[in-house]
Amino acid sequence: MTKTTDLDTLAVHAGQEIEPITGALTSPIHLSTTFERDPDGEYSRGFVYIRNENPNRNSLEAALAELEGGVGAVTFGSGMAAATALLLSLSPGDEVILPDDSYFQIRAILDEIFTGWGLKGRIVDMSDPGRVAETLTEKTKLVWLESPSNPLLKIVDLKRLAEMAKGVGALTVCDSTWATPILQQPLSLGVDIVVHSTTKYLAGHHDVLGGALIYGEKTEDYDRMRLVQKLTGGVPSPFDCWLTLRGIQTLPTRVRAQTENAVKVAAFLHDHPQVEEVYYPGLADHPGHELAASQMSGMGAMLSFLVRGGEEQAFKVTAGVGLITRATSLGGTHTLIEHRASLEGDDSPTPKNLLRLSVGLEKAEALIEDLDKALSKV
Ligand SMILES: *Cc1c(COP(=O)(O)O)cnc(C)c1O
């Protein structure tokens, strides 16, 4: 196939080749754990053992690298396994700066696991770059960015923060799970690494767990990550890779349709008397609206809102939905609603009356009708 940078075309074709023996359009799933060695002891076909590499994982990694405009992708069995691998590549004594609003288990993995191994996490509000500048030291080795953030949809200046981190020799990683490569390309803004929970939009159908790190340059850090992947072995199965690659083919179309729905749902909630606040960067009064418009090509399909009256009223809304499903996770075909604070646990900083919506592919008017009915119970 000729090289293209058009994301719609890439999503359909990247990592996909006609299978040479049968001509099958859809690639076979290679379950083999081991591969034949040549009589002279070489592995001329490039495959040795399933943990090191396998055809389905190679295809998925090629597609992810192309979609993010990177040089290589390293995939894992979950988004958290990808995050773990990245933290494992650091050394005791290193400091990691984290945003104050981020996927809660990123904070947890530092506190519960990596602090004991000598990493130090420092949390700042990254929507104020001045605060980040005050926190960066020569010990900072990794700056964790998440934009839009979970669950408050904070937007951070990826280009500026990447430059600042570079100034002290720290790597930047952007959790771009919510934006997807369709709406945001962090590597093109100077970020070193993109992390995805491919469980969400990339796979897109609520049926497979996975994670990936995509690198902008083939550096020593990239080589080290390949080593961490092969040695620690938190890798995805061939079937998981195959399912994720299948999901990617419709990613641009899904993300566009879901974003169109989210824009309508956000406007409805914004004007609803029982809703105190809507967090959606597509709304003109969102504090990150202009920054989002400058670094994203669309505002995405995730939003959160505060129900007037508090936690009890918020639970009345989740109890009142019919079409929308009460469930955690995001980025799939179905619209999901979640009371986030109770999932995150007792020390969650998330407002108790916050509900998070992952807007799916149903008809926008049907979603609005369902929310209207649920909000009328408050
Ligand atoms: C779900 C999620 C993760 C964790 O990924 P898993 O695949 O569940 O391990 C990390 N970051 C964000 C933003 C997520 O939504």
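Let me start with the term I need: a charge sits over a ring if NZ of Lys or CZ of Arg is within 6 Å of the ring centre and within 35 degrees of the ring normal. In this model, which is predicted, the charged end of Lys200 sits over the ring of Tyr103, at 5.4 Å from the centre of that ring. Both residues come back in the second largest pocket, where Tyr103 and Lys200 are among the residues nearest the centre, together with Met80, Gln105 and Ser197. That pocket has a volume of about 380 Å³ and is lined by 27 residues, which divide into 12 nonpolar, 10 polar and five charged.

The largest pocket, for its part, has a volume of about 650 Å³ and a lining of 23 residues, with Glu17, Pro20, His30, Pro55 and Ser59 nearest its centre. Helix 2 contributes most to this lining, with five residues, and the lining as a whole comprises 11 nonpolar, seven polar and five charged residues.

Turning to the aromatic pairs, the structure holds four. In one of them, Phe35 and Phe47 have ring centres 5.3 Å apart and planes at 35 degrees, so the pair is tilted. Both residues lie in the loop between helix 1 (7-13) and helix 2 (55-68), so the pair ties together parts that are 12 residues apart in sequence. Tyr215 and Tyr222 form an edge-to-face pair, with 5.4 Å from centre to centre and 70 degrees between the planes, and both of these tyrosines are buried.

How values were computed:
Residues numbered from 1 in each chain as written. Predicted model: local features only at pLDDT ≥ 70, side-chain atom pairs only at ≥ 80, totals over all residues. Heavy atoms only, no water. Phe/Tyr/Trp six-rings, centres within 6.5 Å; stacked < 30°, edge-to-face > 60°. Helix = DSSP H or I, 4+ residues; strand = E, 2+ residues; numbered from the N terminus. Buried < 20%, exposed > 50% of the residue type's maximum accessible area, 1.4 Å probe, protein only. 1 Å grid on protein atoms, 1.4 Å probe; cavity = no way out; pocket = protein on both sides within 12 Å on 5 of 7 lines; lining within 4 Å. Points joined across faces, edges and corners; volume = space filled by probe spheres on them. Nonpolar A, V, L, I, M, F, W, Y, C, P; charged D, E, K, R; others polar.
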